[in-house]
Amino acid sequence: MNTEQIYTLLQEKNLSISIDTRTIKNDSVYIGIKGDTFDGNSFAEQAFANGAQYVILDNAAYCNNENCILVPDTKKFLSEIAYLYRKSFSIPVICIGGSNGKTTTKELVAQVLQTQYNIHVTKGNLNNDIGVPLTILAMPKDTEIAVIEIGANHPLEHTELLHIIEPTHILVTNNGADHLEGFGSIEGARYANKEIYDWAQHNPCTVFVNKNITDLVTDSEHTNRILYPILEVHSNSKLFAGLIYNNTSIQSTLFGSYNEPNILAAIAIGEFFSISLENIKNAIENYIPNLKRSQIVHQDTTTFAIDCYNANPTSMELALIDFFTQSPQGKRIIIIGDMLEIGEQENMMHKHILDIVQKYTIAGDTILCVGPRFFIHKNEFPYIFFETSQHAQEYFDQLDIENNYVFLKASRGIKLETVIKNKVPLS
């Protein structure tokens, strides 16, 4: 059977797709995909035991059932059937990429659009070569607008994902120092984001571009674009991100003024799809951040600003400056953790962040630095350094944090929320 024949079989039987035997249902087909530390082929027997109707593998050694289908490459197959399913829809499909703020922007856009449309949106940050196909394949047939996030950590990955998604609308949040290990430099990261504009230039697609971000305006020059904001806007951020747009105050519950462009993106897309400013305002103001992204959590007399799902030098610097300048001076605890996937520049970049902290810190601030990359600099700065989040947690548990403002920022792999787990419940 070729890919189209298998796809037709799955559609006729209305089978859902799973790559995890723990989510198998009786109407499921299991696709065994090789990971970095496991081989999904080896779970074929478990998938059948859990109720899978079919199992699709690329290793014949595990194909011991008449309902086992062998393909050359299961990851490629997943993308191919996602592409076929995407072609069955003639709806707006909005693709959101960029260096920082992708997930928050995606969530805000979804929050706005769902006031008027039946939408389908990427869950969490499932934005890679596996997450994107799974997002498409999970799209209900009555979807009116899809909002799909894409991410990349090496050149041409954006292009490959766009060929699967075939978006009708595109938005790039910004260019920044993300995934430098894969992109090689900040210029490499920008070039990777430009892949999105290059794809849009050669395909029927509308591009939303923040006219205040010069490099995005330059890189999108040859696309069919809408420059926004189209009306007058002023910042209204304090600890929370907010702005005044067209004489309307919009105050979010997102920490940090660096989220203002994400709010503007949601406004621009909402207006394009004919949603009233009143509904846009209500949607944004009612959005409650989660996933440990730009969260503000009040626990007794302590306020926590939590943004420890992802971090790179650009987002870390913006978040730190916002916290130092917008939070009340007095009792503040700043907890920063390592930034991952930076590559050869990681030592310089971590020292740069410590220089930023040194520039803005004042008497009364407590600075905790967590992770082996920061720990290297423990003799250069007068802060408290820990090699792991567990060690930092033991110290934090002993602190008096009443009437404090606590800031956390790190890459996901550091699990920085561990530091505060005994002081504040996190969803």
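F381 counts as buried, at 7% relative accessibility, where buried means under 20% relative accessible area, exposed over 50% and partly exposed in between, with a 1.4 Å probe and protein chains only. Y383 is likewise buried, at 12%. The model is predicted: local features need pLDDT of at least 70 and side-chain atom pairs pLDDT 80 or more, whereas totals for chains, interfaces and linings use all residues. Residues are numbered from 1 along each chain as its sequence is written, and side-chain values use heavy atoms, without hydrogens and water.

The structure holds 11 aromatic pairs; rings of Phe, Tyr and Trp (its six-membered ring) pair if their centres lie within 6.5 Å, and planes under 30 degrees apart count as stacked, over 60 as edge-to-face and the rest as tilted. Y117 and F273 make an edge-to-face pair, with 6.2 Å centre to centre and 80 degrees between the planes. Because Y117 lies in the loop between helix 4 (102–113) and strand 6 (119–121), and F273 in the loop between helix 10 (260–272) and helix 11 (277–286), this pair ties together parts that are 156 residues apart in sequence. Helices (H or I, at least four residues) and strands (E, at least two) are DSSP runs numbered from the N terminus. Y117 is partly exposed at 23%, while F273 is buried at 8%. The rings of F381 and Y383 are stacked, because their centres are 6.0 Å apart and their planes at 15 degrees.

T143 is placed in the loop between helix 5 (131–137) and strand 7 (145–149) and is buried, with a relative accessible area of 5%.
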